Amino acid sequence: MLLTMAALLIYTGLSITYVYAFRGDARWGTFKEYSRKAWPIFAPLNCLLYAFTTKRGQKAYPDVEDFSELDSIHANWEVIRDEAQALLDTGYFEKTTDTESGSYYDVGFRTFFKYGWSKFYLKWYGYTHESGKRLCPKTVALLQDIPMVKGAMFALLPARSELTRHSDPIAVSLRYHLGLITPNSDDCYINVDGKRNAWRDGVAFIFDETYPHFVENNTDERRLILMCDIARPTHTLGRVFHFFYERLAGLTVVPNLEGDKRGFANRVFSSLAPTLARAKALKTTNLSLYKALKLLVNGSLILILLLIISGIVSLFT
């Protein structure tokens, strides 16, 4: 057991080093920035999924033409746009930013609100939102017929807004963006692994969200897209890790409106929010205590992750 844990610790260090220093073209400025913006505790499991990813998913921007499973979305983009426009016209995006609602406590996309974004979920890892079925029935029906679409939402980026550089934590998926109502300008773009891609109405692209990426809308128009999590294409063994990660992602279901399901992480995050706010305030009142608490929490998460990996390894030994 001790040898296994030692080996896993070494593997964890190598995984974090690989993601920080060698993966892709873009580099984090400092390790501190990387540790704050890239969730390094997930690097060990992510690296296993990178190793098992098939050829069509091995780039920062995989070719959307290689994912024929998504063709029906492209073909019906105007139908999807019209339902998104109806949501926009009736103000439902504004309701999803209400701090009194469960939709505000989104552990997976919490930085959206910081920069003025809003979103409307359609489905998320095993759950289809009742509000989505009621307000966007045609879009939901299209998505339900595509098994590789694990999660989907409409995402609204305000004019003159941004999302700072970060990497998403878990490598279970690739991200699909379909432009619906966009500025159609090179000044409204995402940069993934150092490469820009601007949104256009009716145009889709795919990227690996575990590469460093950031967003800027330097125009006076809003950008509305359909954003989907699609299953990372992996070889057979990779599906073992898919199973674990998809169950983890399923805990993060966030409601749009009353009547939608609330996932475990959403309930915990909303109940802990006042405590987390007080803990963050320690940065200015007692920095030493804040750092000690942060080290304790991160150390506990790493230990839990190592135990999970150890359990998975034991299945094959």
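Which residues in H5 meet which residues in H9? In this predicted model, Val-79, Ile-80 and Glu-83 on the H5 side are in contact with Pro-137, Lys-138, Thr-139 and Leu-142 on the H9 side.

## Packing of H5 and H9

Two packed helices are described by the angle between their axes and the distance between the axes. Helix H5 spans residues 77–90 and helix H9 spans residues 137–144; their axes come within 8 Å and cross at roughly 135°. The two helices are therefore oblique to each other. Sorted by class, the contact of H5 with H9 comprises four nonpolar, one polar and two charged residues.

Helix H5 also contains Ala-86. This residue counts as partly exposed because its relative accessibility is 38%, a value between the limits of 20% and 50%. Ala-86 and Leu-135 are separated by 49 residues in sequence, yet their C-alpha atoms are 8.6 Å apart in space.

## Overall composition

The protein has 12 helices and 10 strands. Of its 317 residues, 50% are buried. Among contacts between residues at least 6 apart in sequence, 75% join residues at least 24 apart.

Helix H3 is mostly covered, with eight of its 10 residues buried. The buried residues of H3 are Ala-43, Pro-44, Leu-45, Asn-46, Cys-47, Leu-49, Tyr-50 and Phe-52.

## Aromatic pairs and charges over rings

A pair of aromatic rings is described by the distance of the centres and the angle of the planes. The count for this protein comes to 14 aromatic pairs. In one of these, Phe-42 and Tyr-245, the ring centres are 6.5 Å apart and the planes are at 55°, a tilted arrangement. Elsewhere, ring pairs join Tyr-20, Trp-28, Phe-31 and Tyr-34 into a cluster.

Charged side chains also lie over aromatic rings. Arg-23 is placed over the face of Tyr-50, 3.6 Å from the ring centre; Tyr-50 is one of the buried residues of H3. The charged end of Arg-223 sits over the ring of Trp-199, at 4.5 Å from its centre.

## Positive phi values in two loops

Tyr-125 has a phi near 40°, which is a positive value in a residue other than glycine. Its place is the loop between strand E1 (118–124) and strand E2 (127–128). Tyr-125 is buried because its relative accessible area is 10%, and the limit for this class is under 20%.

A positive phi is found at Arg-160 as well, near 55°, again in a residue other than glycine. Arg-160 is situated in the loop between strand E3 (149–157) and strand E4 (161–166). Its relative accessible area is 55%, so Arg-160 is exposed, the limit for this class being over 50%.

Which loop holds Lys-59? Lys-59 lies in the loop between H3 and helix H4 (71–75). With a relative accessible area of 40%, Lys-59 is partly exposed.

Apart from its neighbours within four places in sequence, Lys-59 is in contact with Asp-208 and Tyr-211. Lys-59 and Asp-193 are 134 residues apart in sequence, and the distance between their C-alpha atoms is 9.7 Å.

Definitions and conventions: Residues are numbered from 1 along each chain as its sequence is written. This is a predicted model: local features need pLDDT of at least 70, side-chain atom pairs count only at pLDDT 80 or more; totals for chains, interfaces and linings use all residues. Side-chain values use heavy atoms; hydrogens and water are left out. Axes are lines fitted to C-alpha atoms, for helices over the stretch in contact, and angles run from 0 to 180 degrees between N-to-C directions. Helices (H or I, at least four residues) and strands (E, at least two) are DSSP runs, numbered from the N terminus. Angles under 35 degrees count as roughly parallel, over 145 as roughly antiparallel, 65 to 115 as roughly perpendicular and the rest as oblique. Contact means heavy atoms within 4.5 Å. Ala, Val, Leu, Ile, Met, Phe, Trp, Tyr, Cys and Pro count as nonpolar, Asp, Glu, Lys and Arg as charged, and the others, Gly among them, as polar. Rings of Phe, Tyr and Trp (its six-membered ring) pair if their centres lie within 6.5 Å; planes under 30 degrees apart count as stacked, over 60 as edge-to-face and the rest as tilted. A charge sits over a ring if NZ of Lys or CZ of Arg is within 6 Å of the ring centre and within 35 degrees of the ring normal. Buried means under 20% relative accessible area, exposed over 50%, partly exposed in between (1.4 Å probe, protein chains only).
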